[in-house]
Every structure is written in structure tokens, then in C-alpha cells.
Amino acid sequence: MFRAIKYSLSLVAALTANVSFGAWDDLNMSPGATQLSQEIFGLHMTVFYVCLAIGIAVLLAMAFILFKYRKKEGVKPADFDDSTALELTWTILFALILIVLAVPATSVMIKAYDDQEGDINILITGHQWKWQYEYIEDEVGFFSNLSTSLDKRNNLAPKDENYLLEVDEPLVIPTNTRVRFLITANDVIHSWWVPDFAIKQDAIPGFVNTGWTYVNEPGVFRGQCTELCGQYHGYMPIVVKAVSPQEYSTFIKDKKEAKIQQALLTEKLWSTSELMEIGEAIYQKNCVACHQVGGRGIPPVFPSLVGSEIVMRNKARHIEILMEGVQGAAMASYAEQLSEVEIAAVITYTRQAWGNAETGDGKIVIPKEILDYKTNKL
Amino acid sequence: MSAVIDSHHDDHHHGPAKGFSRWLYTTNHKDIGSMYLWFSLVMLFIGGAMAMVIRAELFEPGSQIVSPEFYNQMVTNHGLIMVFGVIMPAFVGFANWMIPMQIGAPDMALPRLNNLSFWILPVAFGILLSTFFMEGGAPNFGWTFYAPLSTEYAPPTVTFFIFSVHIMGASSIMGSINIITTILNMRAPGMTLMKMPLFVWSWFITAYLLIAVMPVLAGAVTMMLMDIHAGTSFFKAGGGGDPVLFQHIFWFFGHPEVYIMILPAFGIVSHIIETFSRKPIFGYSSMVYAIASIALLSFVVWAHHMFTVGMPIAGELFFMYSTMLIAIPTGVKVFNWLSTMFKGSLTFETPMLFAIAFVALFTIGGLSGIMLAIAPADFQYHDTYFVVAHFHYVLVPGALFSLLAAAYYWIPKWTGKMYDETLGKVHFWMSFISVNLTFFPMHFVGLAGMPRRIPDYAMQFADWNMMVSVGAFLFGISQLLFLFIVLKCIYNGKEATTEVWEGAKDRGFEWTVDSPAPYHTFSSPPSMESLKSSS
Ligand code: HEM
Ligand SMILES: [Cu+2]
């Protein structure tokens, strides 16, 4: 009973809330941001008005009949049970209405299926539960994950406007350009839907579906996965940022540079002397203040690195200290301050210098190991 | 026959023999009909409880009472139970009770098969529900169980699910064979096909649909089984298989299936409207042809559920046109019902109220169906709450209301007792208001962009969802009232007359036998002469 009262109160609350901000947008499809989406919106409104008119006509006729022919004393019901003419009339009427709807529907369909190559082609891959975007011509790409915090989802922090509709890295596309999407999936079926582009294409493993768009004005457009894809189906939103072509080329340039940087880390063969050289410079800049020029530190506050167990024989812990810092000591994490190359180099330097290589295991650390450490942590 | 009325309790509700084995071994169509109906009522409350969990979770944005994983199990099992455990068995229950009585037959043609087709159903649902207690949890891939989510990525309990679907299918096929055989062979002399009551006609066609598509469903789940356990790759892209093939097979079953859930309702509503309009049904033969053409068309529209899978444009257009065509016979039916009421002498007892609400709200569902049929627009509607609104309009105030109407309409004949008319009306108005409160706003959130089958949603959908949840809780409570009304009718109802409804005895054989209907009816066939309206 208490529940019932609570719910009826919330109903009243919900109703009044709707009066206050019951904008049309909350009730209807959005016309969207492209010509195609606007045409589909127009088609939707046409069909809607036709259906509304039929619905109102039927319901009014019904209300009239229910009122007029309710049982009255002394009035006998009629007993007709057939009228071929009447039945033919409304059958033909229905057929005509449907033809009227089918014509615009067909022409919009043909436009939607205009499947030429785009100026830019983007491969979209659905994964449980994130989207992967790859710019085919520029050979760059990234993953896009939900960025709404767990606290918000668990009602521990207030929710904001884009609750569940925000990502760590949006898909960026240029305006005034024909962009074509090639859509597929890696595990189960997903569906890539951006209402403002009127694109909803299933992402199916083993298939590549297509969709295209041409956005005129810059903006941010949000959508969601629309095919049940497992437990976090509700948590893989889509955010597309349309920017001017100039901004877009900067974006691509940055992505390419980042990619080269990445390749450097993962593909280059590093020699000990190269690492030593970079490492020594880093050591001088960041470490000497505490660990001192000869690496002997000022024990017990700043431990000596010369002959240290960790520096000589425990590579894993050595990496961890640099990445995480040491709780309660002056040693801070360098994960954010230094690049992967720099961290690997300075570790290698300390493991090699001051006779450590000879007394310890003398192992070096390459940048990829730092990268792996970071990815495993994710 | 006063002895029958005096001992109605033993005679009817428990039948002549006593104890559980009587129910286990019964071959009486009335007993089996009752068991089907009780079974589906129980399932209605189980599936309904799941719906309450869903609506509680969606009451507000943010995680509420269940995990996303359990939410998916709720959505899946709610759908499976409502479709296979409530609507379908309930219609079979009505078929069992009413078809022999409407065609003047003593029983179903194949009574032992009848017993078997009922008793394997609780087994099937026992298996399905037991998966909730197994490792990995119950099926969580939606009632449409698209591969590969339901194969390579399914919980291990999917094998139990497959087994249970097989049993449900076997039950439906046996039931359909029985219904067709009964209708073809056991009609009273003089009852030609075109003189059969419309409920009989609608079930006759439905039974053929079932026989045609249940094996297809069985094929689909068998292919899943092979993919999971025998190393085949029917639906596995990695092995050269085709996940879209699954959807084609599923919907080749699935679309006729949605009509299986509505055609018998057409029959029921036709009878009720005729009775309470005190006027013969308008356009009997066009009603029959409409049902038949809906059934035929339902085989060529399946891919309207798949407009976004990336079909070639010719496919999109074909399925768009064929789907739009279905609206014609559907519209004919609605107009025929209106014309039946036109110039009638209408009264508004509970069955009629539900039947009228059926016509009105089913029309809304049909109109949203036309919108969905427009393929380019469906790109925006598909897999949103707009679709959820559509199919709930045709299935809840559609199929379910027709079942409630039928229960009120025939229960006096079954029990010999009248239900409480005031409570019946209260039940109707509560259901009517709450059903609209629940499902109408779903159109809005769907158009505004809320995907279906998500456990949490963006802020702009919050208000409508709260309203939907409140409506759903009210609807749930209203159906408890129905249970109370049924029990009150059985144990404490006023005596019903033979005719029950004014003028009914001219309209069907069922109204010429005593109330309650004796355990065995029509040991010798009745004469068509006794029915005025079949002249
Ligand atoms: C005028 C008649 C109808 C038309 C034109 C129509 C059209 C459609 C279309 C195009 C869809 C697919 C929407 C989508 O997924 O994007 C759909 C879904 C559905 N329809 Fe209808 N429909 C009609 C009547 C009915 C009836 C009578 C029933 C059942 C009693 C029904 C049950 C369903 C169900 C259950 C679904 C959704 C299945 C799912 O995806 O879970 N429809 N309808
Ligand atoms: Cu369909």
C-alpha cells in the first residue's frame, strides 16, 4: 500500500514535471542534422499524420456508435449482416492510402541506399562493449568507451545531461564531406545508431554494412548501440563530433603523429647505449636531487641505488616503483611526467651504471615493457 | 438436470473422479481446457512479476534493483513466458473448451494426444525456469535469441532453453493437429465450413500456421544446438557461417507467430461484439477471407524485422510493400466490427468492454505497425521503445484483452456461476487506464531515441519512464483483481442461466447446453436448425 501511494505521488510528480519541460523533442523523433535525416523525418511525419487521421476517424466513429446505439427500451437492433459495396469501398480506400504512403517511402529509400564511396571512409567495429573507429585512408584509429563514471551509474554521484551518452574519445568527422561508414562487428551483433544522421546499421560479424552521411554544420551527435549485445549493451554509446575540414585535418595529423610515436615504442629496436644515453640525461634532470650524482643517495631518507637488490635483480618491482611511486616516501610516480621511452631509459641507466650491471643481472628495460605495463593496468 | 447444477462443484470443477491422477490422465476436453487456462494464468503472474522487476529497474535513471546481466535474463524470460507460456496456451485452452462445444462435437478428435500436449508444457516451462538456479543464469539473449549472442556467447543454460523450446513446439504442433482434425471431422451435420463460428475459423487457420512454422523454429534451435555442441558453423561467422541466416529463419517463424497470437483473438472478439450488439456479425465471409489472407501474407513479410541488417534495396522494398498489404485485411476486420455494432442494441457488460477496448487499442497497434512498415522510417524506429509500444499494443490490449474478454464471456457457461459484474467493470477500467499509461508513453521515448532492452537510460527519458513504471505496477495489481474475480465466481457466484447472455442461444451451440456445461456434451450432434443466426 505504501508503495502504491509512493508511486502515485511520483506519477503526479512526473506529470507536472512534463508540463514544465515537456518539450516536443521529448515526444518526437528529431529531424536530425543531415538532408537524409530530414527527409526521413518528413516521411515519418507524413505517415504519422495519415495514421493519426485514420485513428481519430475510427475512434470517433466508434464513440458515436457506442453512444448512439446503446440499448434503449423498445428499439430493435437492425439485422443486416453484409454489404459487398461497402466492403469493396473501404478495401479500395485502404489500398489507395497505402499507395500514397508507398510512393514517398520508396523514393526516400532509394536515397538512403545511395551507396557510393565516401570522400572519407571509416571502418566501425562493434566489440563487447565498445566501438572501434578506423580511418581507412589515413590508417589511424582508436577505441571509444563509455566515460560515465560508475559512481553516477550507481547513484553515488549526481547525473548530468549526457549521462550514459558520453565517451572517452568521440568519432571525429569533417563537415561538408561525404563520409561513408563501413560497419561490422568482432563478436556478437551490435547496431550503430546515430539518430541525427538517420543511420542505424547492424554491425554483424562476418559482414560489412554501409551507411553514409553528409553533415553541414559542426556539432556533437549522440547515439547508442541498438542491438542487444550482452550485459553491457546499454553502456556502449556513440558520440560523433563534426568539425570543420581544417580542424579535421589537424585531428588526423595529431593522430598520425601519435601513431608514429607509438610505432617508435613498439617497433624500434633499442640498443643499450641508446637507452643509456637518454637515461643519463633524465637521471641528471629528475633524480640527482635525491639519489645524488653517484647514485648513493642520502640513506635512510633517500636510498642508495648502488648495489640495491631491486636495481640489481628485481626488474618488475623497479618498473613498478617508477610507475607508481612509493607510498609514504618522497619517491613520486613518473608515469605522467615522463614518456615510455624516458622511463625505460632511466631504468636501464640505473641498472647499468655504477657497477650495477656487473654485480646484478644487468637486464635492460625497453619502452614496450612500459607500454605493456600501462595496458595491463587498464 | 437439476442434479448437475446442485453438484456443479464436484461435477465441473473437479470432475467426476477425484484426486490428482484424474487430472494427469484426463482426456476430457473441458478438463484439459481448464488446465491450459490455469496454467497460463499462473504463467501470467510469473511473467508479470518479471515485468515488474523490469519496470522497477527502469523506474529512474541509474542502477536500481538488479544487475544488467539479471535485467537481460528478466527481459528474455518475460518475453518467452508471455508468448509461449501465456498467450499461446491460453488460446489453446479456449480452443479445447469451446471448439467442440461450438461445432457440436462430444470432445476433441484425439483426446490422448490432447492430454499429452498439455502435460509436456509444464515440463517445458519447468526446465526453462530451472535455469535461473543454474550456473551462468537463465537465458539472457532476448526472446528473439539472435545468434551468435545465443550460441557462442550464451550462458551454458542455453542447452536447456533449446530443449524447452523443442518441447513447447511439440506441444503446439500436437495441439494444432488435434484442432484441425476435430474441425474437419467432427462438425455437427449441416455445419459447412462457411457456417462455422468465427472462433473456430480463426483457430482452424491458426493451427495451420502453427504446423507450418513450429518446425522452422525447431530447425533454428537445432542448428543452434549443433553450433554449440557439434562444432558446426551455421551461424558462426568465424567458421564460414552466417549470423543473418539465423534472423531469416527466426522471423520466418516469428512473424506468423505474432499472428498466431492474434487470429484467435479476432474470432473471440467477433463473437462477443455480435452477442452484445444483438446483431449478426457484419461481413462474415469477408472476416474469414481477411483472416485467411492475413495468414497467407504473414509468410512473406518476415524481413520487416530486419530492415537494418543490410538487405539489398530490392529486399527492403519487397518487404515494405508486403507488410503494408497486411494492413488491408486488418483494416477490413476493424471496419466490420464497427459495422456490426452500427445500428445494434449495445450493452456494456465486462466482456463487451474488453472487446471494445480491444478494437480501439488494437487499431492503435495496427497504425503504429503501418508506421514501422515504412522501411526508411523504420531505420529510426527499429529496436527502440517505439517497437516495444507497437507490439505491446497488439499483444496486451490486443491478445490479452481478448483472453480476458473471453474468460468473462464463457466463464458462466463453464462454472454455472456469474462473475461479479461490478468487480468485472472495476477490473476493466483499471486495466484500461493502466495499460494506456504503461504503453502509450513508450511511443514517445521510442521516437525520442530510447533503445529497447537497456537496463539504464539517459536523463531525457526519465519522466516518461517513471510514468510507464507506475502504469505497469497498476496494471499488475489489476490482474490480481482478475484472479480474485475468477475465484469469487467459482466459489461464490450467482447461478447462471443456460443462455447466460440475452439472445445468445441463437448464436452458438455452446449457449444451448446447461450452465455449467455438463462433463460430456453433444453425445449426439445438435441440429443447425436450432441456431437462428446461421440460416
Ligand atoms: C497492421 C498490422 C501490422 C503491421 C503492419 C506490423 C508491422 C510490424 C513491423 C514492421 C515490425 C518490426 C519493427 C521493428 O522491429 O523495427 C513489427 C514488430 C512487431 N510486431 Fe507488428 N505489425 C502489425 C501487427 C502486429 C500484430 C497483430 C502483432 C501480434 C499480435 C504484432 C506483433 C509484433 C511484434 C511482437 C513485433 C516485435 C518483435 C520483436 O522485435 O521483438 N504486430 N510489426
Ligand atoms: Cu512481423
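1. First, the ground rules. Residues count from 1 along each chain as its sequence is written, while chains are lettered from A and ligands numbered from 1 in the order in which they are written. Because the model is predicted, local features need pLDDT of at least 70 and side-chain atom pairs count only at pLDDT 80 or more, with totals for chains, interfaces and linings using all residues; side-chain values use heavy atoms, leaving out hydrogens and water.

2. Chain A splits into domain 1 (2–71 + 80–112), domain 2 (120–149 + 162–260) and domain 3 (269–377), with bounds from an automatic or database domain assignment. Between domain 2 and domain 3 of chain A, the C-alpha centres are 40 Å apart.

3. Now the largest nonpolar core: 268 residues, with A:Trp192 and B:Phe84 having the most contacts inside it. Such a core is a set of buried Ala, Val, Leu, Ile, Met, Phe, Trp, Tyr and Cys residues joined through side-chain atoms within 4.5 Å. Buried means under 20% relative accessible area, exposed over 50%, and partly exposed in between (1.4 Å probe, protein chains only).

4. Helix α15 (residues 385–415) of chain B gives this core its largest share, 22 residues. Helices here are DSSP runs (H or I, at least four residues), numbered from the N terminus. A second, separate core has 20 residues, among them A:Tyr283 and A:Ile347.

5. What does B:Phe84 touch beyond its neighbours within four places in sequence? Its contacts (heavy atoms within 4.5 Å) include B:Phe125, B:Trp143, B:Met214 and B:Phe253.

6. On to ligand 1, which has 23 residues around it, B:Trp143, B:Asp378, B:His382, B:His390 and B:Arg452 being the closest. To count, a residue needs a heavy atom within 4 Å. The shell has 13 nonpolar, 8 polar and 2 charged residues. Nonpolar covers Ala, Val, Leu, Ile, Met, Phe, Trp, Tyr, Cys and Pro; charged covers Asp, Glu, Lys and Arg; the others, Gly among them, are polar. The biggest contributor is α13(B), with 6 residues.

7. B:Asp378 has a polar side-chain atom 2.6 Å from an oxygen atom of ligand 1. The side chain of B:His390 places an N or O atom 2.9 Å from a nitrogen atom of the ligand, and B:Arg452 has a side-chain N or O atom 2.9 Å from an oxygen atom of ligand 1.

8. Lastly, A:Ile310 sits in helix α7 (residues 309–313) of chain A. With a relative accessible area of 27%, A:Ile310 is partly exposed.

Conventions. Helix = DSSP H or I, 4+ residues; strand = E, 2+ residues; numbered from the N terminus. Polar contact = N/O pair within 3.5 Å; in protein donor to acceptor, adjacent residues only side chain to side chain.
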